[in-house]
Amino acid sequence: MSTIRRQLLLGLLGATLFCTLGAGASLYRSLLNETNELADLQLRQLAATLPHEFAPAAEDPEEEFVLQAWDEAGKPLPQLSAATQLPRYAVQGYSRVSAYGQHWRLYGETRHGRYVQVAQPTSARYHLAAQMALRAGAPLLVFALLLAVLMVAVVGRALRPLNRLAQAVAGRSADTLTPLAAEQVPPEMRPVVEALNSLMQKFEEALTAQRTFVADAAHELRSPLTALKLQLQLVERAGSDEARRAALGKLHERLDRGTHLVQQLLSLARHENAQVAALRPVDLGLLLESAVADHSALADSRAIDLGVETPAQVVVAADPDGLRVLLNNLVDNALRYTQQGGRVDLQSAYENGRPLLRVRDNGPGVPEQYRARLFDRFFRPDGNDAWGCGLGLSIVRNIADHHRAEIRLSDAEAGRGLCVTVVFPAA
C-alpha cells in the first residue's frame, strides 16, 4: 500500500497535469477555430481580387495558398503560376477536398465569366494554430511546474505533524502510557490522537489488572502451599498409623483445594480476554440436565436436592463450551455454600423474549452490602465456612460479558438463599 504522501502527490500532480493538458487542448481548439475563420476570410478576399489583379505575387508562399483561375472557355489563365496545380472543382463557396495525399480548404466563385479557385492545405492551419498555442501556453507550463513544486512543499509541510506523532509514539516504552497532547495537533488528527489515548488507557488498565491478578494469585497460592508444607511436616511427625492417616487425609484435602485454585486460575486466564467462538444454538434445558449429571455426586454427598425446572424449550445463541463453564461455576458455588440437606434448583425460561438461565439455592445467601463485590477476583464474603478461591463468579462475569448477557443477583424464596439469573440478548 502506498504512503499517504505518495497518494497525495500522485493525486494532486495528476490533477494538475490533467488540468494543464485540458487547458492546452482548449486553447489549441480555440486558436484553431480563429485560424480557420481568418484563413477562410483570406481565401474569400483573394478570390475577390484575383479576377482584376492577376499577378504571380498574389500567391503567398508563407500561407501556402494555391491561386488558380479559368476563363469563360475553361482554359487556365497563364498569368497565375502555382507550384501546385489542383483540378478545377467548379464549386461555389467553401469546400473540403483531398488531393496529392493531403486535405485542402478551397473557395471558388465565378465572376465576370471567369472561375477563380483559391485553396490552402489544412495542415498549414493546424501548424499555425499549434505555434500560436505554444507561444500562448508557455507561461501556463511554467506556472504548472511552479504549482507542482509548491504542492510537494505543502504536502511535506502538512504531513509533519503526522511524522512527529509517529516519532512520539515510537519513542515511548511499554511503561510510558501518559496521554498524548491532543491540543498540539491539527483538528484532523485529533480523532487519531484521542483513539491512541483511549487505547493506551485500556492498555494501562489491562496492565494494572494483570499486575493485580499476578499479585493476588501469588498471595492466594502462597497460603495453600504453606499449608501443604505444614501438613506434610505433620505427616512426617505422626506417631501412630491413625494420626498419620488423619494427617494424610488433611493433606489430600489441601491438595484438592490447591488443584481447584490452579484450575480456576487457568479458567479465568482463558476466559478473561478470550474472544467468543462461533455462536451456535444451545438448548439450555439439555445444558442444565448435563450440569445436574456432572454435579450429582457432590450433591448426593451433601444430601442436597439438585433439580431442573424447564417449563419449555429455551434456545440461546452461545458458545457451548463457555456456557458450560459458566453454568458449572454457578452450580459448584451453590452446592458449596448450601447447607447439608439443602436445595439447589436450575431453571431456564424466557423473559420478555430474552432467554435466561437461573441457579437458585436456599443456603445462607449473601448480604446486600457484599453483592456488588461478588464478581471481584479472590473476594469471599465474611462468615463462610466453605472453602473456595473467590474466582468462580469472576469467570462467570467474563463469559457473560463476552455473550453480552446480564447477570442479576437477588434473594431466593422467602428471602433466604441466593438467586443468580443470567439473561441473554434476544435472538
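**Figure 1. Strands 5 and 7 pair in an antiparallel arrangement.** In this predicted model, strand 5 (residues 280–283) and strand 7 are joined by four bridges. Strands here are DSSP runs of E with at least two residues, and helices are DSSP runs of H or I with at least four residues, both numbered from the N terminus. Two strands count as paired if DSSP finds at least two bridges between them. D283 has V315, in strand 7, as its bridge partner. Strand 7 covers residues 315–318; V316 and A318 are on its covered face, while V315 and A317 are on the uncovered one. In a regular strand the side chains alternate between the two faces of the sheet.

Residues are numbered from 1 along each chain as its sequence is written. Because the model is predicted, local features need pLDDT of at least 70 and side-chain atom pairs count only at pLDDT 80 or more, whereas totals for chains, interfaces and linings use all residues; side-chain values use heavy atoms, with hydrogens and water left out.

**Figure 2. R125 meets both D40 and Q120.** The side chains of D40 and R125 form a salt bridge, with N to O at 2.8 Å. D40 belongs to helix 1 (residues 4–49) and R125 to helix 2 (residues 122–158), so this pair ties together parts that are 85 residues apart in sequence. A salt bridge is a side-chain nitrogen of Lys or Arg within 4 Å of a carboxyl oxygen of Asp or Glu. Both D40 and R125 are buried. Buried means under 20% relative accessible area, exposed means over 50%, and partly exposed lies in between (1.4 Å probe, protein chains only). The side chain of R125 also makes a polar contact of 3.0 Å with the side chain of Q120. A polar contact is a pair of N or O atoms within 3.5 Å; within protein, one must be able to donate a hydrogen and the other to accept it, and residues adjacent in sequence count only if both atoms are side-chain atoms. Q120 is part of strand 4 (residues 114–121) and counts as buried because its relative accessibility is 3%.

**Figure 3. E109 and R111 form a salt bridge.** Their closest N and O atoms are 2.8 Å apart. E109 is buried, with a relative accessible area of 9%, and R111 is partly exposed at 34% relative accessibility. The whole structure holds ten salt bridges. Side chains of opposite charge can pair when their charged atoms come close.

**Figure 4. R354 and E406 form a salt bridge.** The closest N and O atoms of this pair are 3.9 Å apart. R354 lies in strand 9 (residues 354–361) and E406 in strand 10 (residues 406–411), so the pair ties together parts that are 52 residues apart in sequence. R354 is partly exposed, with a relative accessible area of 25%, and E406 is partly exposed at 35%. Salt bridges with shared partners join E351, R354, E406 and R408 into one network.

**Figure 5. A99 sits in strand 2.** This strand spans residues 93–99. A99 is buried, at 9% relative accessibility. Leaving out residues up to four places away in sequence, A99 touches L86, Y89 and W104; contact means heavy atoms within 4.5 Å. A99 and Q85 are 14 residues apart along the chain, and their C-alpha atoms are separated by 9.9 Å.
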